[in-house]
Structures are given as structure tokens and as C-alpha cells.
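Have the viewer open as you read.

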Amino acid sequence: MALPLKPLFFFSFISLVSISYSLLLPVTKDSATLQYVTQIYHGTPLVPVKLVLDLGGPFLWLDCSSGRVSSSNTPIQCGSIQCLAAKTSDCGHGGEASTCRLLPENTITGVAAPGELAEDMVAVDGSAMISPILFSCAPKPLLKGLARGTVGMLGFGRTRISLPSSVGLHRKFAVCLSPSDGGAVFLENEIVGNDISKSLVYTPLLTDQILNSEQYFINVKSIRINGRGVSLGTITGGTGISTVVPYTTMKRSVYEIFTKAYIEAAASMDMSMVESVAPFEVCFRSESPEPAVPAIDLVLQSEMVKWRILGRNSMVRVSDEVICLGFLDGGDNPETSIVLGGYQLEDNLLEFDLSTSMLGFSSSLLGSSCSELKLNSMSRGSL
């Protein structure tokens, strides 16, 4: 099992940032699948349900085959306003008199199956009721590949029926993933603090219609390793941000150039390569709990705007003596040239503002962690 490196940062970020919020979703990392799991309360009476967090997922879908009856569950008729909001015209064989249908997808396995659109009550902490939200029932086989105990996926994508669009007017949320059980999603949040403008860096979220509009993309113009530019060739589309991809993946041609440059930078720091350890290809010998490794900068809209990835988020400890570069070969023709995976997002504060199409990011929590940020926020706010 991969063991996270200790953070290589030296001063606290928590003192610079506080978060006031309406709703907080706790997030844990499932060690067996590397998926991020959260919990909501669903139906009437409220029942806790565990779901896999899908940052780019279009909506909430869950297995409804348990036989449990919710008195507030309302099937959505075809041709209704809610059906139009879901952007589907699938009415099956019954025409507009039938239930509106969606195509929920398990984005871990890539398998999709027909499901029916419905509306029901959802709570986050078991008592703070949200207005009824739209979701899709899905057949039980769609759960294959999800973390044990989960019954579906909770989508935060850029649609009118995802959770951020359903719970408030501001359409803003923040994500802070943890390598263990201390992560959180902050809904309807407001980040405050005198130094916050110096702490979060902002970059546009791409809205190109060529891209999958449900997911989140940023424009990575180039990459630097230890300050040296890496010529990556042609990068099609934007760079995706995903919570269902465990480690950053790159198009093979990009990956080969990137790893060659990284190996050269590592060699200049006297790092010794060792045999590959699946699924990683580039591995090094290191017994230090805080090894010095090359820094990776994702250069965004200008040379002054960079997302820095340091050792905690670039290297994965696979044994007491071996660490591996946590970037994977995504094949010759992936839909997206680069997708930032969950490991690279951990202990980074990400603020998604859907109303302005901007992403704020911390690059790291600078000597702290998402667990501390979550606790700090809980002490300042109330659900």
C-alpha cells in the first residue's frame, strides 16, 4: 500500500484562512480503492448513505433497490421543468406521461446504465434540511468497482442538478482532500482573512464547449521542474481536475517527455533510481521521511501564476526504502492530455466559484493539513 510522504512545509496556513459555511461534508479516503467517500442523509425518514465523491459528476445517483420506501420521494415526469433542467429528453416508450430518464455513469469503471430521475429530501448533518434535490436511481450492478459500503456517487460537476447547484444561490464550494479521514467539502462557503488574497491563487475554469462541460478544466500552458521549462509538445484541451482518478495521468507522449526531464532533475540531486513498482514507472531509493525531490510547477495563465507540486503530492512512498513518482502513463489517445488526480490534490484547498468560473488554489497547506482546516472551520462555524 502506498504511504504518503510527510509534508515539506514550514509555516501554518490555518492562521491565514478561516471558512464560514452553511454545510460541511466530511470526506474520507478508502485505502482499498483510493476513492474519496462522503456521507449524506437521504429520504424521509432520513437514512445515512455513503457515496463516492465525483468532482466532475453531473448529479447524485444511487442504488434504489434496497426496498426502503421514502415518503418524500417524487418521480419526475417527462417534459417537466425538472426534466429539462437535467438536460434529458429520454422518456422511454411511455412518452411524456412516463418518468424522465437519465444515464448515470460509474466514472470509476466507465460503465453507464439507464436510471429514473426523482426528487427527494437530503440533509448533510442529519438535521439541517436542504430543499429536495434531483437524483437518479441506478441499477445495483452499477455499484461494481466502488468502495465497500457505498451506494452511489455524489456529483459536483457543472450542471444544473449537481449538488453545488442545488443547495444555494452562490454556487461556490471548496474541497480539501485528505490522505486519511480528515477531508471535507465546504458548501456555500466564504473564505475570509486579511491575508487570504496572498494565500489563494486564482485561475480561470475553462468553459470551452469542446471540452466535457460537466467537468473542471484549467489551462496549463507549460510545466517547470526545479525551475527549468519542459517542452511538452501538443497538449489538447485543458487539464482536468478529478477525484476519481487516483494519480495524475498524462498522454503518453507528454508523460515520456515529463518523466525524462524529472529523472534528469532527480539525478542532479543525487537521487538513485530503482526498479519500477506497479503502477508507477519512475522510482527512487530513499529512506528519509522527508526526502528532497524536484519541485514541479504547473504554469497557468502567465509565468507568474503557478500551481506548485512538492514532494508530499508528487512522490508516493511504496516501502520504507522506495518512493515513486505519482504520475501515470495515460495511453496514446486519452480524452484529456493531463488529468490531475486525487493524490496531487490532497492537502490543497481548492475553491470552485461557478458563478465567476474561477478556481482558487493553495498549492499546499503550508505546514498544515486538510484535517486541521476542517477542525478549525468546525470550531468557527455551525452546521
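## Ground rules

This is a predicted model, where local features need pLDDT of at least 70, side-chain atom pairs count only at pLDDT 80 or more, and totals for chains, interfaces and linings use all residues. Numbering starts from 1 along each chain as its sequence is written, and side-chain values use heavy atoms, leaving out hydrogens and water.

## The second largest pocket

The second largest pocket comes in at about 360 Å³. (A pocket is an open set of points on a 1 Å grid over the protein atoms alone, where a 1.4 Å probe fits, with protein on both sides within 12 Å along at least five of seven lines; lining residues have an atom within 4 Å of a point.) Of its 20 lining residues, H42, L62, C64, R68 and C137 sit closest to the centre.

Strands 5 (47-54), 6 (60-63), 11 (115-123) and 12 (129-138) each give two or more residues to this lining, and strand 11 gives the most, with 4. (Strands are DSSP runs of E, at least two residues.) By type, the lining splits into 12 nonpolar, 4 polar and 4 charged residues.

Strand 19 (222-225) and strand 20 are joined by 3 bridges, and I225 stands opposite R228 in strand 20.

Definitions and conventions. Points joined across faces, edges and corners; volume = space filled by probe spheres on them. Nonpolar A, V, L, I, M, F, W, Y, C, P; charged D, E, K, R; others polar. Pairing = 2+ DSSP bridges.
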